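Trainee: I would like to go through this model with you. Shall we start with the terms and then take the helices?

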Amino acid sequence: MPSQIPNIRDNLQSAFKKYGQTHNYKAGKLLFMKNDHAREIYFLEKGRVRAYLLYPDGSERTLCYVEHGNLVGEEVVAIPAKRIVCVDAATDITLTSLSIDSLIMAGRQDESVLHELLSLYMQKIELLSNWIFYGQFSHNEARIACFLYDNSEGGKDISYTQDEIAAVTGMSRVSVSQCLKRFEETGILKKGYGSLKVTKRPALKDYFYNQEFK
């Protein structure tokens with residue numbers, strides 16, 4: 001299951017603030033579509049965006065949500081530079097855009113910017129392997145257990161809504177609600193106002209790993 005996208009590093013963030021342009025968008029704003037030419041990379045300062053695939057019949061498949069403090073649109077460095085997914089604003093957002101030329105210039109002036117960028121790319125590759133691993137789960141509770149485990153690292157509260165969890169895991173909202181209720185009843189999880197708190201994180205790993213692959 002994909003973890004939260006790793007937060008941007010300090011020097012890279014400073015480059016965005018120095019050379020980039022800041023924009024504010026309302027929830028629902030489309031940032032780009034799959035196969036669009038990638039001209040800019042973004043630092044998400046506030047809010048959350050959704051990465052998804054749009055199929056010919058008009059249906060959508062949500063891949064993940066990216067929280068504030070992260071990069072969006074890294075395809076800008078590819079050859080050819082084309083978007084590989086669609087991205088829209090899941091909430092009101094504030095982001096700073098940076099062209100590939102400005103990013104290269106910042107990297108030439110400060111090598112740590114490029115080092116931090118490469119580190120983030122490697123972590124994204126690791127996340128992709130996690131998505132492949134996640135697809136092996138046959139039981140809904142194992143999917144939710146993995147989702148909760150990966151998104152509660154460091155004791156972090158989980159701010160995903162049940163609709164968002166359903167979209168990412170490929171489950172129905174009703175199934176997500178039922179699984180969360182069972183985890184709450186067993187003391188693994190506590191529900192707060194607009195958030196989830198995992199109280200027994202090791203139990204989640206034991207649950208989704210041992211029950212799926214023993």
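Mentor: Contact means heavy atoms within 4.5 Å. Helices (H or I, at least four residues) and strands (E, at least two) are DSSP runs, numbered from the N terminus. This is a predicted model: local features need pLDDT of at least 70, side-chain atom pairs count only at pLDDT 80 or more, and totals for chains, interfaces and linings use all residues. Residues are numbered from 1 along each chain as its sequence is written, and side-chain values use heavy atoms, with hydrogens and water left out.

Trainee: How many helices and strands are there in the protein chain?

Mentor: Of the contacts with a separation of 6 or more, 73% link residues 24 or more positions apart. The count for the chain is 7 helices and 10 strands.

Trainee: What percentage of the 214 residues is buried?

Mentor: Buried means under 20% relative accessible area, exposed over 50%, and partly exposed in between (1.4 Å probe, protein chains only). By that cut-off, the buried share of the 214 residues is 43%.

Trainee: Which residues of α2 are buried, and how are they placed around the helix?

Mentor: Helix α2 spans residues 100–109, and its buried residues are Ser 102, Leu 103, Ala 106 and Gly 107. Seen down the axis, they fall within an arc of 140° (taken from the directions from the helix axis to the C-beta atoms), so they line one face of α2. The face turned away carries the exposed Asp 101, Arg 108 and Gln 109. The buried set, on one face, is Ser 102, Leu 103, Ala 106 and Gly 107.

Trainee: Are α1 and α2 roughly perpendicular or oblique to each other?

Mentor: The axes of α1 (residues 10–19) and α2 come within 10 Å and cross at roughly 125°. Axes are lines fitted to C-alpha atoms, for helices over the stretch in contact, and angles run from 0 to 180 degrees between N-to-C directions. Under 35 degrees counts as roughly parallel, over 145 as roughly antiparallel, 65 to 115 as roughly perpendicular and the rest as oblique. The two helices are therefore oblique.

Trainee: Which residues of α2 meet α1?

Mentor: From α1 come Leu 12, Ala 15, Lys 18 and Tyr 19. Ala 15 is buried at 5% relative accessibility, and its contacts beyond four places in sequence are Gly 20, Leu 98, Ala 106 and Val 113. On the α2 side are Ser 102, Leu 103, Met 105, Ala 106 and Gln 109.

Trainee: How do α5 and α6 pack?

Mentor: Gln 162, Asp 163, Ile 165, Ala 166 and Thr 169 in α5 meet Arg 173, Val 176, Ser 177 and Leu 180 in α6. Gln 162 counts as buried at 19% relative accessibility. The axes of α5 and α6 (residues 173–185) are 8 Å apart, at an angle of about 110°. The two are therefore roughly perpendicular.

Trainee: How many residues of α4 are buried?

Mentor: Helix α4 covers residues 140–150 and is mostly covered. Its buried residues include Ile 144, Phe 147 and Leu 148.
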